[in-house]
Amino acid sequence: MREGAAERRRGHRRPMLLPFLLPLFCPALSEQIRYKIPEEMPIGSVVGNLAKDLGFGVQELPTRKLRISSEKPYFTVSSESGELLVSSRLDREQICGKKPVCSLEFEAVAENPLNFYHMSVELEDINDHTPKFAHTSFELQISESAQPGTRFILEVAEDADVALNSLQNYKLSLSPSFSLVNKEKQDGRKYPELVLEKILDREQQSYYRLVLTALDGGDPPLSGTTELRIQVTDANDNPPVFDQEVYRVRLPENVPPGTTVARVTATDKDEGVNSEITYSFHRAEQVFGLNSKSGEITTQRTLDFEETKEYSIVVEARDGGGLVAQCTVEINIQDENDNKPEITVHSLLETIPENAPPGTLISLIKIHDRDSGENGEVNCRLDSEAPFKIISSSKNSYKLMTDRALDRELTPEYNVTIMATDGGKPPLSSSTKVTLHVGDVNDNAPLFHQASYLVYIAENNPPGASIAHVSASDPDLGSNGHVSYSIIASDLEPKSLWSYVTVNAQSGVVFAQRAFDHEQLRSFQLTLQARDQGSPALSANVSMRVLVGDRNDNAPRVLYPALEPDGSALFDMVPRAAEPGYLVTKVVAVDADSGHNAWLSYHVLQASDPGLFSLGLRTGEVRTERALGEKDAARQRLLVGVRDGGQPPLSATATLLLVFADSLQEALPDLSDRSLPPDPQAELQFYLVVALALISVLFLLAVILAIALRLRHSSSPSVWSCFQPGFCSESKPVVFPNYSEGTLPYSYNLYGAHAGKTECNFLKCSEPLSSGQGLLCPESSGALFPLCDSSEPTSHPEPLTPVSSV
């Protein structure tokens with residue numbers, strides 16, 4: 001019969017979701033979704049289609065991960081259909097007791113994004129409990145002198161159901177002497193009173209057995225019975241009478257045991273034993289105690305408003321003759337603020353992205369206070385300064401949300417204290433701490449430790465050597481903070497960049513791929529990039545200038561005087577009447593190095609007559625120290641050393657052959673001696689002198705003829721340069737490198753020509769020299785005379801090779 005009733009009730013379950021509670025623009029519902037179902041539904045029964053009621057599509061269910069957040073697992077959500085299912089027994093009487101409305105409140109949680117939906121399932125009572133008496137039988141003593149109409153309170157039955165399914169009335173088996181009246185207390189509970197219909201005669205019938213039946217209002221109704229045993233006692237004309245039929249007492253909870261609750265008083269007009277009154281509880285009590293003589297009711301244990309809010313006690317007063325009177329003591333327990341709020345945190349996000357916008361939902365907070373009224377009204381707040389806030393979601397439900405932007409690099413985690421305070425006087429509070437971790441996002445670009453880099457490296461470095469180390473830091477975590485390095489630009493040729501330098505992508509160490517040469521590459525510019533591994537990746541650039549330092553790896557190079565192709569030195573002619581200080585010639589040398597390594601000094605290493613000439617230490621100018629004497633040789637030889645300023649210094653040598661003569665003819669005998677090997681035989685010397693004279697004559701004729709032809713075809717003044725210091729030829733001159741960046745005060749171009757053994761070497765000044773510095777220029781009286789050999793046949797011109805350092 002109960003199962004049929006339950007089935008009929010199940011047919012009435014329906015979702016009570018109002019349309020206006022589902023605005024599409026709202027991230028989380030602010031009102032509850034309500035369902036109403038009968039209790040005791042089988043496990044697995046469908047309460048309603050929660051996903052449909054929330055507006056979710058079936059295809060969204062795997063990603064939204066809809067679930068139930070509740071202290072007790074009464075319900076669950078089907079992951080396939082989104083239906084709300086019963087997952088455990090729903091016994092309304094066990095869950096809510098005698099509450100007129102039994103509602104289970106909980107939250108539905110959806111992820112991606114995180115939202116909370118407040119749920120309420122109301123359990124409808126079914127008639128699954130029968131009324132029950134505490135005893136299968138009870139006895140009642142009635143004096144035979146009792147007058148018709150006298151009433152006796154009988155034992156009440158208990159029914160765990162509520163509303164219509166609860167106990168509704170009582171019935172008494174038929175008896176001509178007794179009837180039953182159903183009465184109702186102020187709280188709505190029914191109780192029976194036995195009414196004496198006629199005078200009893202103990203001598204005719206001293207004992208009655210009646211059946212008392214309690215009926216509920218279910219369909220069909222359920223009932224319970226107990227046997228009423230009435231014993232007729234001898235006459236006692238006056239029963240006890242209480243001064244109040246109902247005693248009403250207000251008692252605060254948590255009063256200590258032994259506290260006086262009330263004192264009941266009954267009087268009896270009889271005398272003697274029949275007037276002696278004894279008090280007792282109609283039913284045994286464990287919470288309260290009763291003094292049988294004084295009628296004082298006291299507490300036997302601590303009272304708890306949250307456990308029982310009110311008590312109804314029936315007290316009997318029995319006189320010595322056996323007459324009994326009853327009264328009711330109704331004790332209303334007053335709530336005290338004796339329960340702290342309880343805080344429960346649901347669905348806490350483990351990690352909050354640092355780019356989460358303000359208003360991001362982090363967790364749902366449930367506050368429960370067992371007290372009532374103001375004592376149960378709770379205010380929730382945060383007890384620390386943090387970028388979070390708490391807002392009220394519904395009754396005793398709060399949302400923990402972000403209040404402003406987060407920065408993991410400043411604060412990677414927060415220890416948040418949630419405080420809940422009730423409205424009692426004095427108020428009680430409780431707190432709980434939650435740790436919120438801030439997740440990293442790639443919001444910081446790498447930062448170089450220097451704004452720019454200036455690197456010095458000496459030339460001739462070993463290939464593969466480390467020349468610099470760039471370093472950048474990124475405060476992000478993991479791949480977002482992992483920095484790699486690369487070269488993205490340079491003033492070198494893009495194709496040759498990698499043959500010069502590379503950078504280690506992990507360490508930022510810059511390596512030289514080759515040995516640098518200061519004379520070829522003095523500096524170059526690089527642009528390096530530090531890039532993290534985030535998505536999207538962030539980067540930063542820095543410039544690096546590499547300066548290649550000079551080493552003393554180039555020896556001085558003598559440009560003048562140059563050697564002839566056969567390795568012999570050229571001659572300079574000095575007038576015999578040259579005064580002291582006369583500029584004879586100048587040694588010209590350059591050094592490809594720079595700075596101090598190219599600072600040249602000139603030194604006389606050997607001299608035929610050490611006191612006849614002087615040499616400028618820095619200029620390389622050769623001047624007469626004194627006038628030529630009669631005993632001085634007409635031909636002088638100087639060995640000049642050129643040394644740079646490096647450590648250790650490098651050097652080169654130049655040989656100067658000087659002939660004192662006022663004209664070329666006068667110098668020829670001295671020049672002829674240069675080619676004669678030392679031979680004691682006079683005849684051989686004679687032939688050699690004659691040969692030299694013939695060669696000289698032919699040379700002069702060739703020179704005169706060349707000048708005439710040049711004057712005929714060109715009026716250029718350069719033709720007459722053969723009469724200046726140094727000779728020329730029609731052969732095409734060879735231009736030697738321009739050493740304008742060397743150590744000479746001016747740039748020089750060295751020309752050389754070779755025609756047979758008739759040769760001409762001279763320097764051309766790129767800029768005019770000041771007075772006293774006219775080396776091989778028109779103002780100089782010195783001349784360069786080559787040694788000619790007419791016996792050699794004339795050949796095509798070929799350039800003279802400058803003398804290298806020895």
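Trainee: In which strand is valine 574 found?

Mentor: Valine 574 is found in strand β45, residues 571–574. Helices (H or I, at least four residues) and strands (E, at least two) are DSSP runs, numbered from the N terminus. This is a predicted model, in which local features need pLDDT of at least 70, side-chain atom pairs count only at pLDDT 80 or more, and totals for chains, interfaces and linings use all residues. Residues are numbered from 1 along each chain as its sequence is written, and side-chain values use heavy atoms, with hydrogens and water left out.

Trainee: Why does valine 574 count as buried?

Mentor: Buried means under 20% relative accessible area, exposed over 50%, and partly exposed in between (1.4 Å probe, protein chains only). Valine 574 counts as buried because its relative accessibility is 0%.

Trainee: Which residues is valine 574 in contact with, leaving aside its neighbours within four places in sequence?

Mentor: Contact means heavy atoms within 4.5 Å. On that basis valine 574 is in contact with Tyr582, Val584, Thr624, Leu658, Val659, Phe660 and Ala661. Threonine 585 lies 11 residues from valine 574 along the chain, and their C-alpha atoms are separated by 9.2 Å.

Trainee: How do I read strand pairing, and which strand is joined to β2 by 6 bridges?

Mentor: Strands of a sheet pair through backbone hydrogen bonds, either parallel or antiparallel. Two strands pair if DSSP finds at least two bridges between them. Here β2 is joined by 6 bridges to strand β8 (residues 115–124), and the two run parallel. Lysine 36 stands opposite glutamate 122 in β8. Strand β2 (residues 33–38) is mostly covered, with 5 of its 6 residues buried.

Trainee: What is the strand order in the open sheet of 3 strands?

Mentor: The order is β11-β15-β14, with antiparallel pairing. β11 (151–153) and β14 (178–184) are the edge strands, each pairing on one side only. From one strand to the next, the twist averages 30 degrees. For such angles, axes are lines fitted to C-alpha atoms, for helices over the stretch in contact, and angles run from 0 to 180 degrees between N-to-C directions.

Trainee: How many bridges pair β14 with β15?

Mentor: β14 and β15 (residues 190–196) pair over 7 bridges in the antiparallel sense. Leucine 180 has leucine 194 in β15 as its bridge partner.

Trainee: How many helices and strands are there in the protein, and what percentage of its residues count as buried?

Mentor: The protein has 7 helices and 55 strands. Of its 806 residues, 46% count as buried.
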